[in-house]
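This briefing is for a reader new to the structure.

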Amino acid sequence: MLFDIDQVKKNRRRASKIGKKNFIQLAAFKTLEERVIELGLSLQNILVIGAKKMDFTELGPDLAIEYSDHFNQEPVKKTVDLILNVLNLHWSNYPKKDLSNQINFLKPGGIFMGCLFGADTLKELRDSFFKAEVQITGKTRPRISPLPEIRDIGNLAQNVGMKRVVADKESLTLEYETVVDLLKNLREMGETNSVLDRNKAFSRRDVFDLMEKYYKKNHPYKKTGKKNNGIRATFEIIYLYGEK
């Protein structure tokens, strides 16, 4: 196993209490919602995994939509026409098994649509931590989750028997004033480090300070009309479509 699922759950519960949705999450909700509407299909039953009713406002009140937590799918009692899996699969220890189980919830010909973070996500933070830790301690510990390439997701979908598979990706660059602001945002999203082999102690101050220095130097976000530079952070979202 790669991920500490108990920690993932804890992070998600904490994020839920904070109650903030950031640009990345809102963009994922909106894109999936628009793609469902563009299908123009007559859908009766939809299962949404990893989001809440308030996150999808345009799907229509006439649809029977069931909302389920990624880690608690027992309430699903019947097959559905469409599954929307929102920003969850990248935390799976058994992605093939998990995706296959979700496909079993679909009616024959049913559609799976999902999104997850891809390999380029937080590449600037990964690079900065790597350089700082190597320089100060001579070794590194996983700070950012290993994330899949788009080809991995397409292959996974085909391996579980999905048809007409389409995988595409979107790269978004966000601006933050400081690295601390970025880390706070990740906490609000429930996306902080949950790798089993992570260092569970707080980062050493000298490592963190050098990481921040490398980040500001190598990955600035130029501001217009201001003296100081912020930092940039990349979020790559992979979207997956397939039919049962």
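The points below take the pockets one after the other.

This is a predicted model, in which local features need pLDDT of at least 70, side-chain atom pairs count only at pLDDT 80 or more, and totals for chains, interfaces and linings use all residues. Residues are numbered from 1 along each chain as its sequence is written, and side-chain values use heavy atoms, with hydrogens and water left out.

**Largest pocket**

- The largest pocket has a volume of about 1,000 Å³. A pocket is an open set of points on a 1 Å grid over the protein atoms alone, where a 1.4 Å probe fits, with protein on both sides within 12 Å along at least five of seven lines. Points are joined across faces, edges and corners, and volume is the space filled by probe spheres set on them.
- Its lining has 33 residues, and Arg143, Leu183, Thr192, Asn193 and Ser203 are the closest to the centre. Lining residues have an atom within 4 Å of a point.
- Two or more lining residues come from each of helices H1 (5-18), H4 (123-136), H6 (179-189) and H7 (205-218). Helices are DSSP runs (H or I, at least four residues), numbered from the N terminus.
- H6 gives the largest share, five residues.
- The lining divides into 15 nonpolar, nine polar and nine charged residues. Nonpolar means Ala, Val, Leu, Ile, Met, Phe, Trp, Tyr, Cys and Pro; charged means Asp, Glu, Lys and Arg; the others, Gly among them, are polar.

**Second largest pocket**

- The second largest pocket holds about 570 Å³ of space.
- Among its 25 lining residues, Arg12, Ser16, Gly50, Lys52 and Asp69 are the closest to the centre.
- H1 gives the most to this lining, with five residues.
- This lining has eight nonpolar, seven polar and 10 charged residues.
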